[in-house]
Amino acid sequence: MNPLRRRLLIAAPMSLVAARARARVDYPPVAAPLELAFPRDHGSHPAFRTEWWYATGWTRDEDGVERGVQVTFFRNRPGIAERSQSAFAPRELLFAHAAVADPAVGRLVHDQRAARAGFGLAQASTATTDVRIDDWTFALDGDTYVAHVPAREFTLALRYRATQAVLLQGTGGVSRKGPRPAQTSAYYSRPHLAIEGTITSDGRRRRVRGVAWLDHEWSSDYLADQASGWDWIGVPLDDGGALMAYRIRDPGGGTYWAGGAIRDAAGTTRILGPDGVEFRPGRRWRSPRTGVDYPVAFVVRTGDLEVTLDPLMDDQELDARASVGIVYWEGAVVARVAGRAIGRGYLELAGYARPLRL
Amino acid sequence: MNAAPVLRAVSGGALGADRGRLALAVAAIALGVALGYAIHTVNRTAVAEFSTGVATLAGRADLVIRGPADGFDEAIYPRIARTAGVAVASPVVEADARLPGRTESLRLIGVDAFRAAAVTPALVGESDAALDLLEPDRVFLAPAAAAWLGLADGATLALQSGTGIVEFVVAGRVGAPAGRRLAVVDIAALQDAFGRRGRLTRIDVRIAPGAPPAGVRAAIAAALPPGVVVSAPDEEADIAARMTRAYRVNLDVLALVALFTGSLLVFTTQALSVARRRTSFALLRTLGLPRNRLAAIVAAEGAAIGAAGGVAGVAIGHALALALTRIVGADLGAGFFRGTAPMPAFSAGWALAYVGAGTAAAIAGAWLPAREAARAAPAAALKAGDDESAYARLARPWPGLACLAGALGLVGLPPVDGLPLAGYAAIALLLVGTLLLRPRLARGVLASVPRPRRVVAALALDSLRAAPAQAGVSLAAIVAAVALAVSMAIMVASFRTSLADWLDRVLPADVYLRAGGASSTAWIDAEARAALAGLPGVRRATFLRSVSIVPVAGDAPVTLLARDLDPARAGDALVLVDEGPLPAAGATPAWISEAWADRTGAKPGDTFELPLAGRRARFGVAGVFRDYARQTGAIVVERTDYGRLTGDDRASDAALWLAPGASAADVRAAIEARFGDGRLTVATAGEVRAVSLAIFDRTFAVTWVLEAAAIGIGLAGLSASFGALSLARRREFGVLRHLGMTRGELGAMLAWEGALVGGAGLSIGAALGGLIAVILVHVVNRQSFRWSMDLHLPAAELAAFGLAMVALAALTARASARRATATDAVAAVKDDW
Amino acid sequence: MIELVQVARRWPGPPPRPLFDGVSLTVARGELVAIVGESGSGKSTLLNLIAGLDTPDRGRVLVDGADLARLDDDARTRLRRERLGFVFQAFHVLPYLTVGQNVALPLALAGIGDTGTRVHAALAAVGLADRAHSRPRELSGGELQRVAIARALVHEPAVVLADEPTGNLDPRTATTVLALFGDVTRRRGAATVMATHSRAAARIADRVLALTPDGLVPADAQ
């Protein structure tokens, strides 16, 4: 069966909702002040429309081979069957992606899951980070996130140990996504998580170590109607700092909104507004599978820093149509300033295949 | 010896003069093959389509978990999903959605699209708005359902829930196999809308690659409560196919019978043809044609007839299969495959097989005459004399008697794998044995007829008596045809009468209501029950809940009927054939149907267990009743007991007794007013009876076609033989004309001969048919369907049939001899033959 | 009695050829006429014309006063059954009836039920009174021809036609049968026409005529 037919969009139906003007639930907006209390706010926030726990990182195995690893869990409140009393009511939908970027393979090896929450088989705990879809799990145990992802072509058994404080994005965790007050998300990052564990693929189990970046974000109104996608980078810097920058794009390719954060090794954080971030696309790559054109190299100006991004490999396109219904590019990149590498992180390019609706 | 002139010498004569009879024989074989091929093709198509449908719906499922029709606890689902080796478990709730105002329901399937996509993709709807798959008011229709309901995307679909209505919006299509009338909704939506919270009817399981299937299956089975079973999808198709197998085999056998009568016609044709060519054969033998060669050529003539008839028969049969599917349905009226409309596909292999069958049947028919042609002593045959000696060899009694004895022995044997093979074999032996004894029987029957006073009749009788073997050839097809027609008529009459009597006794109330079966979305709850009992004009109301249960994994289901009945007077509500004392405390009283008693060997006083509501409940047999409605068995318990054991408070049916003076029409109107139009199917006892009998008649319509075909072939045989024989009797006719017999009187004499042969055939055939009917009623049907019937002779019908047969035989004989009687009497007399 | 007036007939063929023309004949009751001629001259045809089994191209045929041309097929058949008797060369005794039943046939066809006495009388006249219940296959050729004669006479016909009555018999039997035939027919007073190519047979006749294409001419009996 054509997997295209099995789409379950978390994004697209929203505009249709607006178009049909059907009565929907009232999603609460993310409003300041956001009094985050951990570990509770490491967990899920079911009242909001969308939420994700996004872990990206670079690993190196015993042979010195470097690979990018991505583990993501999404939660969506579709606003359906809210009054249902059935244990199957699709009040909460869970999705997960996992991908390994191995230059020897030349393209992403990835897998995805989708399920409705219920029966303990798929759930997102509200107590702390503890998400599972069947046998894919991502849970916070003290200060270590434990991921167990038995995918189709690989198995990840990784521990991500927090080595630094939480980085609140935006203003106290309230990150702006557009000019209007309601266009916000609650957003914090955990850079410099120490990866330790195994990646099993091609019948071989390899011990790996590395550094990861985790984003936990939730929102009810992420993308404005005038926006079509975003570009995002998250780089744990080699000196112990952290760099995050993003821009929301409009359909013409220009910037609708932008923002970012730089934290130095000492922990001082500078939050950047739309003027502080500039994304200049560089070399482009066209996907042979989907025909989509991605700018896989960028120069990103954050504050005064001009950061050049080069991908670990060009083909890091992730076809997630069977779960969340979108195709995007999520790739491991090396960040350089003036030719000198300052860190290894991830670049995310969303909305290049089709305008996103979130 | 050069082949071509020899063939021309031997067979050329046959082609020339016997053309009409040859065509008849070809047609008879064609008819037999056509019927057999059509029935077989329709059956094969239906079963294949059903299996394919099951397979397609099963998708990639390796195992299917099922429970009773009203579902099982959904808490089993996570247990199964977590079982080691299970890759995906897809929970499903199925219901038969009642459409207000319609009698047929829509199969509604509730799935979790996420899970179903990985296991049974055919059950995931197609829509651009993916959220529609989760929306509680969205439904996806299979193409056949959309066509049947006449609904396009965006239209509203109203379905009955309980006695209320729930509305859905058609959001798109689902790619179910063609012909299935089903619709898909979200599983939560189905549970909410139709009161099935907390229950599933099915879990489809895909095993992880590399996991041992047997081990996973065992682990799953261990986690299931009583009444919930795990099986492989094709096993389901097997069970369904097995349920219909007896019926299908019955039809196949009937078709074989038609082929058999065709074979008889070939026998008649060849026997007469050989007799006619006796002298030329003798000449050829004298000139040096070897015996076996001659026999082989005669047999080959038969084969040619069979092959020609077979090819024509397959072509006709295919067209017939298409027509039957379109008109009667793929289940040939049995009601097993509802809502499916597969079109028969042509299969070269089977077509060839049936052509072969036709050829074989024809060779079988031509074998005896071929042997006779080989055996005849040339010298005797060269002298013109009476033809009777040509048929004399057919009169040995031993083979015939052996067949009859064999039939007697087979009658008592039990079924083989659920099929009454011994019964069928007994019938076949009876037929063959009677046909082998035909000349002796003919002689006996003709000897017992008093010599009539009218000269033409007397001459007819004398002529027949003097040549019993010749008469026997004419008789063959008639006897077979009459036997078959009479036996079928008696069987159907017995069945129908038994059914009608049974209906009278199981429909004691005045008005019957039905909401739906256990898997229906319609039911009668406590409030509705009170309302019904309180309607004006209603003196008394009783209720019934019907649930289908799988007693043992891999077995066919049995229907549990929970009724309001008084255990001490169960005979008021049930047609009891055996009764015992009520069981002691600890076992719930239950009454079992004959089919169930046959299946399990249970009798009054025995106890048994059934899985109910996830537990094993203990029942004691208080009686056995006759039930024509459920072939796999039925068990009756008191409704209060059932409610106590399961907590299920819903009723599916109600029976109302009217107060004196109240009219059914008024009560009907009151029901419609109270519950709305079409929510409950209401019928008076008379209407239920009429509909049931109509279904019966429709189911057996096929047999009438076969009977008519058999009669046609019998008359064709008579016509063929009379035509042939009368040509040989030209001399005799000439003499009679010289002596002063008018043409009309000559025709009358032949009509008398036809009537006498027809009458003899009728009496032998009727006796045989009666015996076969007894076997059909007491052995074949009993063993196939586990129904007991009382033998009932439709005397008026049979008498009318008998008169018609005799009359037709007379007319046929007279018509077929027309050519001979028209011949110039002068020329006939001068004939040197 | 029999009367033929200028009867003509041709052989329908193929190919058609004329048989005879201008045949006139009168046969009185009790008279025995023999018609002789070569094979193929039309003797049997002439008998068939008298019997009403064939119609002449020209001329009239009257049997016992009835003009055959005015009668339809059924009427002629009835005439045959009541007033004609036939003896064939090949006997044509029905094998599935007894001797007595064979002899009774003309009576049965005429609807007369009680045949016992007359059958017995007819059989007695041909000397086979005790064979009434025998089957034809038990009788010799001569006996069978005598049965045929009895059958031809049992209903006391006005006309008897015989077509080569001794053709299938050996000379001795033929003589006996012929004598019997002449005797019985005269005694019964039938107008008898016998077609034969045997001079011996012709000798028992009162008149012998030869059939030529131009009609009947007296023939010499030798």
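Of the two pairs of chains in contact, chains A and B share the most contacts. The model is predicted. Chain A and chain C do not touch, their nearest C-alpha atoms lying 82 Å apart.

**Interface of chain B and chain A**

- Chain B contributes 33 residues to the contact and chain A contributes 30 residues.
- The two chains bury about 2700 Å² between them, with 61% of that area on carbon and sulfur atoms.
- F114(B), R115(B) and L131(B) account for 25% of the area that chain B buries against chain A, more than any other three residues.
- Three salt bridges are counted between chain B and chain A.
- D186(B) pairs with R116(A) in a salt bridge whose closest N and O atoms are 2.5 Å apart.
- On the side of chain B that touches chain A, two or more residues come from each of α3 (76-82), α4 (113-119), β5 (125-126) and α6 (187-193) of chain B.
- By class, that side of chain B holds 19 nonpolar, two polar and twelve charged residues.

**Interface of chain C and chain B**

- Here 19 residues of chain C are in contact with 21 residues of chain B.
- About 2000 Å² is buried between chain C and chain B, 66% of it on carbon and sulfur atoms.
- Within chain C, the residues that lose the most area to chain B are H92(C), Y96(C) and L109(C), which together make up 32% of what that side buries.
- One salt bridge is found across this interface.
- E745(B) and R81(C) meet through their side chains in a salt bridge, at 2.4 Å from N to O.
- At least two residues of the side of chain C that touches chain B are supplied by each of α1 (43-51), α2 (73-83) and α3 (99-109) of chain C.
- The largest share of that side, five residues, comes from α2(C).
- That side of chain C comprises nine nonpolar, five polar and five charged residues.

**Helix α17 of chain B**

- Helix α17 (residues 455-466) of chain B has twelve residues and, at 1.5 Å a residue, should therefore span 16 Å; its end C-alpha atoms are 16 Å apart, in agreement.
- α17(B) is mostly covered, with ten of its twelve residues buried.
- Among the buried residues of α17(B) are V455(B), L459(B), D462(B) and S463(B).

Key
Residues numbered from 1 in each chain as written. Chains lettered and ligands numbered in written order. Predicted model: local features only at pLDDT ≥ 70, side-chain atom pairs only at ≥ 80, totals over all residues. Heavy atoms only, no water. Helix = DSSP H or I, 4+ residues; strand = E, 2+ residues; numbered from the N terminus. Expected span 1.5 Å × (residues − 1). Buried < 20%, exposed > 50% of the residue type's maximum accessible area, 1.4 Å probe, protein only. Contact = heavy atoms within 4.5 Å. Buried area = accessible area lost by both parts, 1.4 Å probe. Salt bridge = Lys/Arg side-chain N within 4 Å of Asp/Glu carboxyl O. Nonpolar A, V, L, I, M, F, W, Y, C, P; charged D, E, K, R; others polar.
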